[in-house]
Amino acid sequence: MRIRFLLFIPLILLLAGCKVELYRNLSQEEANQMVALLRLNDISASTQVDDKTGMATLMIDEHKFINAVALLRQNGLPKPKYADIEDLFPSGQLVTSPAQEEAKIAFLKEQQLERTLSNIEGVISARVSIAEPTQEDQFQVEQQKSASVYIKYSPQANLSTRENDIKGLVQNAVPGLSYERISLFLQAANYGYQSAPPLKDEDMWSEVISIIEENKMPAVISLTLIFLLSLVGVVWLRRRS
C-alpha cells in the first residue's frame with residue numbers, strides 16, 4: 001500500500017510544475033517584454049515559439065494566472081493591434097465612394113493617435129474619436145471640428161500634470177482642430193495585482209526553492225529518476241534478502 005502511494009509522488013510533482021497558456025500569437029519582442037516583467041515580479045513565465053509563423057505563446061504557472069493577467073493589464077500588455085494604411089487601402093480593392101474614403105482616413109488618423117498616446121510612459125490604453133464638421137445646406141452654420149480622448153493609465157504614473165501636453169499633441173496631429181474643442185478624460189486603472197514582498201534574509205534554502213521554481217520541469221524529471229532508481233534498489237534488496 002505504501003509503495004502504491006509513493007508511485008503517485010512523481011505525478012504530484014509533475015502537476016505542480018504545470019504551465020498554462022496565457023496569450024498566443026505574440027511577437028517575440030513583446031513576448032520577451034512580458035516574460036521579463038512577470039519574472040521581475042516573481043511570476044515564473046516562459047515562451048513557446050511557432051517555427052512556422054514565428055509567433056510566440058506565453059506560458060505561466062497555473063496558480064499565478066490571476067496575478068499575471070492583472071500585472072500585464074496594469075502595464076498595458078499585450079499592446080492592442082492598430083490598423084495600418086495597408087489594412088484600410090489594400091491593393092486590388094474596388095473603387096469606393098468619397099464618403100467611404102474620408103471615413104477610412106479619419107479612422108486611420110484616430111488609430112495613429114491612439115498608438116502614439118499608448119507609447120506615453122504609464123498609459124495602459126488610449127481611445128480617440130474625431131468628429132468632423134458637417135453642413136447639410138449652405139444656410140447652416142458650419143460646425144467646428146472636435147475630438148474626444150480617453151486614457152487609462154497606471155496608478156504609478158501621474159498623468160494629471162500632462163493634460164496640456166496630451167491636448168497639444170492631439171491638436172497638432174489634426175489640422176483645423178482648436179485646443180478648446182478637445183475633451184480629455186483620464187482614468188487611473190484599478191487592478192487586483194498584489195506584488196510579492198521582498199525577501200529580507202535570502203538563505204541557502206530560499207535560493208534552492210527559487211532555482212526549483214524557475215526550472216520545475218528539469219527538477220521534476222530529476223527527482224522522478226532518483227525516486228524510481230531508489231525504488232528499484234529497495235525492491236532488489238528485498239528480493240535478495
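Tyrosine 150 counts as partly exposed, at 26% relative accessibility; buried means under 20% relative accessible area, exposed over 50% and partly exposed in between (1.4 Å probe, protein chains only). The model is predicted, so that local features need pLDDT of at least 70 and side-chain atom pairs count only at pLDDT 80 or more, while totals for chains, interfaces and linings use all residues. Residues are numbered from 1 along each chain as its sequence is written, and side-chain values use heavy atoms, with hydrogens and water left out.

The structure holds one aromatic pair. It is formed by tyrosine 150 and phenylalanine 185 and is stacked, with 5.9 Å centre to centre and 15° between the planes. Rings of Phe, Tyr and Trp (its six-membered ring) pair if their centres lie within 6.5 Å; planes under 30 degrees apart count as stacked, over 60 as edge-to-face and the rest as tilted. The pair links distant parts of the chain, 35 residues apart: tyrosine 150 belongs to strand S5 (residues 146-153) and phenylalanine 185 to strand S6 (residues 182-188).

The protein chain has nine helices and six strands, where helices (H or I, at least four residues) and strands (E, at least two) are DSSP runs numbered from the N terminus. Of its 241 residues, 30% count as buried. The chain exposes about 16900 Å², of which carbon and sulfur atoms supply 57%; accessible areas come from the Shrake-Rupley method with a 1.4 Å probe, and for residues only the protein chains shown count as cover. Among contacts (heavy atoms within 4.5 Å) with a separation of 6 or more, residues 24 or more positions apart account for 66%.

The average pLDDT of the protein chain is 78, and 70% of the residues score at least 70; pLDDT is the predictor's confidence in each residue, from 0 to 100. Over residues 196-203 pLDDT stays under 50, and the model has two contacts beyond four places in sequence for this stretch. Where pLDDT is low, the predicted coordinates should not be read in detail.

Helix H3 (residues 28-40) and helix H4 (residues 65-74) have axes that come within 10 Å and cross at roughly 115°. Axes are lines fitted to C-alpha atoms, for helices over the stretch in contact, and angles run from 0 to 180 degrees between N-to-C directions. H3 passes H4 in a right-handed crossing. Met34, Leu37 and Leu38 of H3 make the contact with Ala68, Leu71 and Leu72 of H4. In H4, the residues Ala68, Ala70, Leu71, Leu72 and Gln74 are buried. The buried residues of H4 pack against strand S1 (19-26), H3, strand S3 (56-61) and strand S4 (123-131).

H4 is followed by glycine 76, with a positive phi near 70°. In the loop between H4 and helix H5 (85-88) lies proline 78, and the peptide bond from leucine 77 to proline 78 is cis, with omega near -5°. Most residues other than glycine have a negative phi, and most peptide bonds are trans. Asparagine 25, in strand S1, has a positive phi of about 55° although it is not a glycine. Asparagine 25 counts as exposed, at 53% relative accessibility. Aspartate 42, in the loop between H3 and strand S2 (45-49), also is not a glycine and has a positive phi of about 60°. Aspartate 42 is partly exposed, with a relative accessible area of 48%.

Terms used
A crossing is left-handed if the near helix is turned anticlockwise from the far one by less than a right angle, and right-handed if clockwise.
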